[in-house]
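Welcome! Take a moment to look over the sequence and the 3D structure below, and then we will walk through some of its features together.

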Amino acid sequence: MTRSEWPLYEVFVRSKRGLNHVHVGSLHAPDDALALRHARDVYTRRSEGVSIWVVRSDAITASSPDEKDPLFAPSGDKVYRHPTFYDIPDDVPHM
Amino acid sequence: MTAVEADLAAGFAATIAAGDRIEPRDWMPEGYRRTVVRQVAQHAHSEIIGMQPEGAWITRAPSLRRKAILLAKVQDEAGHGLYLYSACETLGVSRQDLTEQLISGAQKYSSIFNYPTLSYADVGTIGWLVDGAAICNQVPLCRTSYGPYGRAMIRICKEESFHQRQGFELLATMMRGTDEQRAMVQESVDRFWRPALMMFGPPDADSPNTQQSMEWGIKRHTNDELRARFIEMTAPQAAALGVTLPGNDLDWDEFWRVVKGGGPCATERIAHRKQAHDDGAWVREAATAFAAREPREPQEPRGAAR
């Protein structure tokens, strides 16, 4: 028996119009078209989705798993990007 | 342990202590990885083997309604197995290895599926008691420390409720039938009650992995805690149904015998799984060959993912 497996695909489902596609899991499939069919059967048996994306797992580039990664450091010291950084008098409305 | 490893271990411990989830690419102790793989694989295998006892009744369902329900349920079990295999694979295990370890007996599945299904009432009893016990076990696992496992459990728990309710409804329908049907239900409950209680695993004193698993947040409750909770939850349901639950005295020698492949159907379950896998080999090979064909036919433009 061959040791090679069907490639792994990551599956993303849009649960309803107006929402983002969300990662729901993965599955093996021989090609893109069958990955989509399998994704329908595995992840949307109860109308959980109106749209599915599948992408080969090896096509995804990911950041380092460590949240303290310097990649995210630049946003760490920029509190002025948040609205709560600014003091606005209580009696100023609609802000 | 090097300074770097000590730092990583401290980070892992802090994440667990904070009740946060461990994600696939995080550093984790080898023992943690091994324990999660073992538990998730065993869980996945249980779903896959669990298709057999009930699947055997699909062709003999008493009505089209019951057949459609049972088909949907067995299809769900396949789906649950796939969610869990998917979670397990995030830890660097291959699907093929998992399948082979199930077939070789290197990895186990729940002992409950080594008992036969002798009547259609068993379909109801499995839904009510076996899936009921599974839910009791699985709801706390939605908060397990390994992220992909917890997310798979959330999906599974949402679907498992249908399984339990259809089982209870099936039994309730039979209990409103003839004396013979009521006797069938009671006989089925008598056979499945103790094996269902054993689904929670050995008593805490004999469960070598429990303490470490709880420290790591993989398990949230001990076997005996969950078993007691299940008994408490089930009693009023049995009363509503009008069946008598047998005693809670469990034969743990039988449990270990069944876990180690000594159950009435153990050989048959594995042989069936192996045959299904072997029979599917040509499909896997044909699909692989089709995907690899050259030159590729022009694909219909499907547009970017937007």
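## A sheet and its helix in chain A

R14(A) stands opposite H21(A), a residue of strand β2(A). Helices (H or I, at least four residues) and strands (E, at least two) are DSSP runs, numbered from the N terminus. Before going further, please note that this is a predicted model, in which local features need pLDDT of at least 70 and side-chain atom pairs count only at pLDDT 80 or more, while totals for chains, interfaces and linings use all residues. Residues are numbered from 1 along each chain as its sequence is written, chains are lettered from A and ligands numbered from 1 in the order in which they are written, and side-chain values use heavy atoms, leaving out hydrogens and water.

Now back to the strands. Strand β1 (residues 8–14) of chain A is joined to β2(A) by 7 bridges, and the two run antiparallel. Two strands pair if DSSP finds at least two bridges between them. Which order do the strands of the open sheet follow? In chain A, 3 strands form this sheet in the order β2-β1-β3, with antiparallel pairing. At the edges are β2 (21–28) and β3 (51–56) of chain A, each pairing on one side only. From one strand to the next, the twist averages 25°.

Helix α1 (residues 32–43) of chain A lies across β1, β2 and β3 of chain A, and runs at about 110° to β2(A). For such angles, axes are lines fitted to C-alpha atoms, for helices over the stretch in contact, and angles run from 0 to 180 degrees between N-to-C directions. Contact means heavy atoms within 4.5 Å.

## Two positive phi values

S47(A) sits in the loop between α1 and β3 of chain A. Its phi is positive, about 55°, although S47(A) is not a glycine. Is S47(A) buried or exposed? With a relative accessible area of 66%, S47(A) is exposed. The cut-offs are these: buried means under 20% relative accessible area, exposed over 50%, and partly exposed in between (1.4 Å probe, protein chains only).

H94(A) is found in the segment after β3 of chain A. This residue, also other than glycine, has a positive phi near 55°. H94(A) is exposed, with a relative accessible area of 85%.

## The nonpolar core

A nonpolar core is a set of buried Ala, Val, Leu, Ile, Met, Phe, Trp, Tyr and Cys residues joined through side-chain atoms within 4.5 Å. The largest one here has 84 residues, and those with the most contacts inside it include L27(A), Y32(B) and W128(B). Helix α7 (residues 147–175) of chain B gives the most to this core, with 10 residues.

What does Y32(B) touch? Leaving out residues up to four places away in sequence, Y32(B) touches F12(B), I16(B), I22(B), S145(B), Y146(B), W216(B) and I218(B).

## Charged partners

Over all chains, the structure holds 22 salt bridges. A salt bridge is a side-chain nitrogen of Lys or Arg within 4 Å of a carboxyl oxygen of Asp or Glu. Here are some of them, with the distance between N and O.

| Pair | N to O distance |
|---|---|
| E169(B) and R65(B) | 2.7 Å |
| R66(B) and E169(B) | 2.8 Å |
| D249(B) and R194(B) | 3.0 Å |

E169(B) forms a salt bridge with R66(B). R66(B) lies in helix α4 of chain B and E169(B) in helix α7 of chain B, so this pair ties together parts that are 103 residues apart in sequence. R66(B) counts as buried because its relative accessibility is 9%. E169(B), at 30%, counts as partly exposed, and R65(B), at 47%, counts as partly exposed.

There is also a network of salt bridges, which links R45(A), R46(A), D76(B) and E159(B).

## A buried arginine without a partner

R273(B) belongs to helix α12 (residues 266–279) of chain B. R273(B) is buried yet has no salt bridge. How far away is the nearest side chain of opposite charge? That side chain, D278(B), is 8.0 Å away. In this count, Lys and Arg are positive and Asp and Glu negative, while His and the chain ends are not counted. Not counting residues up to four places away in sequence, R273(B) touches I48(B), I49(B), Q52(B), T99(B), L102(B) and I103(B).
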